[in-house]
Amino acid sequence: MKLYFAPGACSLSPHIVLRESGSQFDLEQVNNQEKKTKSGTDYWTINPKGQVPVLELDNGERLTEGPVIVQYIADKKPDAGLVPPAGSIERYRVQEWLNFITSELHKSFGPIFRPTTPDAYKAISKENLGKRFDWLDKQLAGKLYLMGDKFTVADAYLFTVLRWSSRIEIDLARWPNLKAYVDRVAARPKVQEAMKAEGLVK
Ligand SMILES: N[C@@H](CCC(=O)N[C@@H](CS)C(=O)NCC(=O)O)C(=O)O
C-alpha cells in the first residue's frame, strides 16, 4: 500500500493508523499547492479531487476519503483492535465519531486557513468550533479516548484535526479534557513516529 500525504494535513490520520496497525506501507509526499508528488507526478492524475489522503492498494486501485481509508486499513489488521467489528453497535459509534469529525470539525478549519476568507466569516467559524469543543470536552471527561479505554481510528482523526487549533490561534487549554486528550494521543509511540516521518516534530 502507498499513502499519498501532505505534512500535517488530514492524511496524518491514516498515516497514524498505518503505523498503529503494523501495516506495511510506502509514503509519497504531495505538494498540495503545486499538486505535484515528490517524485514529480501530476497529483491530479492520482486523485482528480486534488486532495490528500489517497491510499493506493497493492492492486493499483486507489481509495480516497480519510474516514473510509482508516476503516479499510484497520479492517485489514483486526488484531490491532483499531475498529470494532463491522455490524456491531460499537462500529456505528466509531462511524458516528468519524462523521462528526469530518463534517463538524475538519471542514470548519479549511476556510479559516485560507487568506482570502473574510475575517467576519473566520470569526464565526472559530466561534462555532469553540461550541463544538465545549461539547467534546464534556464527552471526553473521565475517558482516555473517544470510545473509552481503547484507541481507535476516530482518535487518529480527532487528534489530527485538533492539532490545527494552534495554527488558528485557538488555545486548547480552554478545554482541559481536550488538551489532556491531545497530549495523551501525541505521546503514543506510533503517533510520534508518524509525526517525525512527516517532519512535524524532531
Ligand atoms: N473529503 C476529503 C477531504 C480531504 C481534504 O480536505 N484534504 C485537504 C488536506 S486536509 C487537501 O488536500 N486540500 C487541498 C485542496 O483541497 O486543494 C477527506 O475526508 O479525505
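Which backbone atom lies 2.8 Å from an oxygen atom of the ligand? The oxygen atom of the ligand is 2.8 Å from a polar backbone atom of G66.

The model is predicted: local features need pLDDT of at least 70, side-chain atom pairs count only at pLDDT 80 or more, and totals for chains, interfaces and linings use all residues. Residues are numbered from 1 along each chain as its sequence is written, and side-chain values use heavy atoms, with hydrogens and water left out.

View 1. A nitrogen atom of the ligand is 2.5 Å from an N or O atom in the side chain of E65. A polar backbone atom of V52 lies 2.9 Å from a nitrogen atom of the ligand. Taken alone, the ligand exposes 510 Å², and the protein buries 75% of that (areas by the Shrake-Rupley method with a 1.4 Å probe; for residues, only the protein chains shown count as cover). There are 13 residues around the ligand, of which C10, K35, E65, G66 and K107 come nearest (a residue is near a molecule or strand if one of its heavy atoms lies within 4 Å of it).

View 2. Helices (H or I, at least four residues) and strands (E, at least two) are DSSP runs, numbered from the N terminus. E65 is in the loop between β5 (62-64) and α2 (66-76). Its phi is near 80°, a positive value in a residue other than glycine. The relative accessibility of E65 is 40%, so this residue counts as partly exposed (buried is under 20% relative accessible area, exposed over 50%, partly exposed in between, with a 1.4 Å probe and protein chains only). E169 lies in the loop between α5 and α6. Phi of E169 is also positive, near 55°, in a residue other than glycine. E169 counts as exposed because its relative accessibility is 71%.

View 3. V52 and P53 are joined by a cis peptide bond, with omega about 0°. P53 is placed in the loop between β3 (36-37) and β4 (54-56). P14, a residue of helix α1, touches P53 as well as L3, I69, V70 and I73, not counting residues up to four places away in sequence (contact means heavy atoms within 4.5 Å). With 0% relative accessibility, P14 counts as buried. The C-alpha atoms of P14 and Y4 are separated by 9.9 Å, the two residues being 10 apart along the chain. S13 also lies in α1 (residues 12-20) and is buried, at a relative accessible area of 2%. Contacts of S13 are with V70, A156, Y157 and T160, under the same exclusion of residues up to four places away in sequence.

**View 4. Helix α4 and its buried face.** The 21 residues of α4 (residues 119-139) should span 30 Å at 1.5 Å a residue, and the end C-alpha atoms are 30 Å apart, which agrees (the expected span is 1.5 Å times one less than the number of residues). Buried in α4 are K122, S125, L129, G130, F133, L136 and D137. Seen down the helix axis, these buried residues fall within an arc of 150°, so they line one face (the arc is that of the directions from the axis to the C-beta atoms). A120 and K138 are exposed on the other side. The cover over the buried residues includes α3 (89-113), α5 (153-162) and α6 (176-186).

Note on methods: A polar contact is a pair of N or O atoms within 3.5 Å; within protein, one must be able to donate a hydrogen and the other to accept it, and residues adjacent in sequence count only if both atoms are side-chain atoms.
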